[in-house]
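Subject: A structure for you to explore

Hi there,

Here is the structure I promised to pass on to you. Please open it beside this email and follow along as you read.

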There are 2 protein chains.
Amino acid sequence: MKISTKGRYALRLMLDIAMNDATEPVRLKDTAQRQSISVKYLEQIISLLVRAGYVKSIRGPQGGYRLVKKPSEYTVGMILRQVEGNMVPVACLENDDVDCERQSECVTIRIWRELDAAIRCVLDKYTLADLVLWQEELGNEYVI
Amino acid sequence: MKISTKGRYALRLMLDIAMNDATEPVRLKDTAQRQSISVKYLEQIISLLVRAGYVKSIRGPQGGYRLVKKPSEYTVGMILRQVEGNMVPVACLENDDVDCERQSECVTIRIWRELDAAIRCVLDKYTLADLVLWQEELGNEYVI
DNA sequence: CTAATTTCATATTGACATACTAGGTAAAAG
DNA sequence: CTTTTACCTAGTATGTCAATATGAAATTAG
């Protein structure tokens, strides 16, 4: 019942790009340094986000990555789901076709459904824009 | 980000005991049959619940397991935490001592904290008594 | 054109976790 | 003393996690 490094790093990666792609594309080399994550691992993670159409890449020198849409258009849940798969807490909620024959007689699924809804609620409530704002506030505190 | 079979089985096991230990101790052999889980695997799971003091065991013929307290005194979260460990979504929330040096500058933790609270809320809201009730309602529907 | 810089694509690795099964021991009842 | 139950430990196959490693392809600067 843990979010993997892949998911957590993906969020920090998207946040890092959101905060730095205003003037020029963000190179993974720089993100890696800022976030203390290896370039190679970031490459793997970002490939999933490129494939999803969340970031676009520019090759060659001065290349890097840029967000395709505005930070406010990426919820935390969207990002996590791309790299972690559906963020559903039990397999029997995964697809609508019933693959567990116990479902009709199983009451524990009510707990799992409510848990799923609660998780969804939090993850889809916040966007990258919120994270950017928080991070900027934190930055200002240091200056003061 | 999944609850393992151990956690899910533990909940079904506790529910099964709650619903059947009124007259005599519940044997794992019977639970195994009712729940379609192997006796051997149930043995491993219940040993964690015995150690936690959640069920007491009676050996020998006509032996089995009984709940120590009333069903209403076991939240779903209590049971899951015994077999799954703390149900916290990211490691940096695990213990109070700060083992991640990024915590002061990391805003993603706000998401994780809220997620943790949401999960806690659901898991600690329901008890075995709720599950028993739901299961009984379901049983009656079949009769009608 | 060439060299440097970047992304892109796969393969490999070691450690650990999951989901069990197997085999045997210990206690209690009849 | 045999049966029935719980109890304990080890093993095992599979998969996932968290990366590294290697190299190719594209782009730009000079």
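Which helices and strands of chain A and chain B each supply at least two residues of the surface near DNA strand C? From chain A they are helix 2 (28-35), helix 3 (39-51) and strand 2 (64-67), and from chain B they are helix 1 (5-20) and helix 3 (39-51). Helices (H or I, at least four residues) and strands (E, at least two) are DSSP runs, numbered from the N terminus.

Before you go further, a word on the model and its labels. This is a predicted model, in which local features need pLDDT of at least 70 and side-chain atom pairs count only at pLDDT 80 or more, while totals for chains, interfaces and linings use all residues. Residues are numbered from 1 along each chain as its sequence is written, and chains are lettered from A and ligands numbered from 1 in the order in which they are written.

The DNA

Let's stay with DNA strand C. It is surrounded by 25 residues, and the closest are A:Ser57, B:Ser4, B:Ser38, B:Lys40 and B:Gly60. A residue is near a molecule or strand if its C-beta atom, placed from the backbone, lies within 6 Å of it. Helix 3 of chain A gives the largest share of this surface, 4 residues. Sorted by class, the surface near DNA strand C holds 6 nonpolar, 12 polar and 7 charged residues. Here Ala, Val, Leu, Ile, Met, Phe, Trp, Tyr, Cys and Pro count as nonpolar, Asp, Glu, Lys and Arg as charged, and the others, Gly among them, as polar.

Now turn to DNA strand D. There are 24 residues around DNA strand D, and A:Ser4, A:Thr5, A:Ser38, A:Gly60 and B:Ser57 come nearest. The elements that give two or more residues to this surface are helix 1 and helix 3 of chain A, along with helix 2 (28-35), helix 3 and strand 2 of chain B. Its classes are 6 nonpolar, 11 polar and 7 charged residues.

Inside chain A

Chain A has 6 helices and 2 strands, and from the N terminus on its elements run α-α-α-β-β-α-α-α. Along its principal axes, the C-alpha trace of chain A spans about 60 × 40 × 25 Å.

Strand 1 (residues 55-58) and strand 2 of chain A run antiparallel and are joined by 4 bridges. Two strands pair if DSSP finds at least two bridges between them. In this pairing A:Lys56 has A:Arg66 as its bridge partner, and A:Ile58 stands opposite A:Gly64. The hairpin has 5 residues between the strands, and A:Gly60 there takes a positive phi near 80°.

In chain B, strand 1 (residues 55-58) and strand 2 (residues 64-67) also pair in the antiparallel sense, over 4 bridges. B:Val55 has B:Leu67 as its bridge partner.

Back in chain A, where do helix 1 and helix 2 meet? A:Arg12, A:Leu13 and A:Asp16 in helix 1 meet A:Thr31, A:Arg34 and A:Gln35 in helix 2. The residues of this contact divide into 1 nonpolar, 2 polar and 3 charged.

How many residues of chain A are in contact with chain B? There are 29, and they touch 29 residues of chain B; two residues are in contact if their C-beta atoms, placed from the backbone, lie within 7 Å. On the side of chain A that touches chain B, helix 1 (5-20), helix 4 (76-84), helix 5 (108-125) and helix 6 (128-143) each give two or more residues. Helix 5 makes the largest share, with 10 residues. By class, this side has 20 nonpolar, 2 polar and 7 charged residues.

A rotation of 180° with 0.0 Å of shift along its axis superposes chain A on chain B, with an RMSD of 0.1 Å. That is the relation of a two-fold axis. The same surface serves both copies, as 100% of the contact residues of chain A recur in chain B. Copies are superposed by least squares on the C-alpha atoms of residues with pLDDT of at least 70 in both. Of the residues of chain A, A:Met1 comes closest to the rotation axis, at 2.3 Å (C-alpha).

Enjoy looking around!

Best wishes
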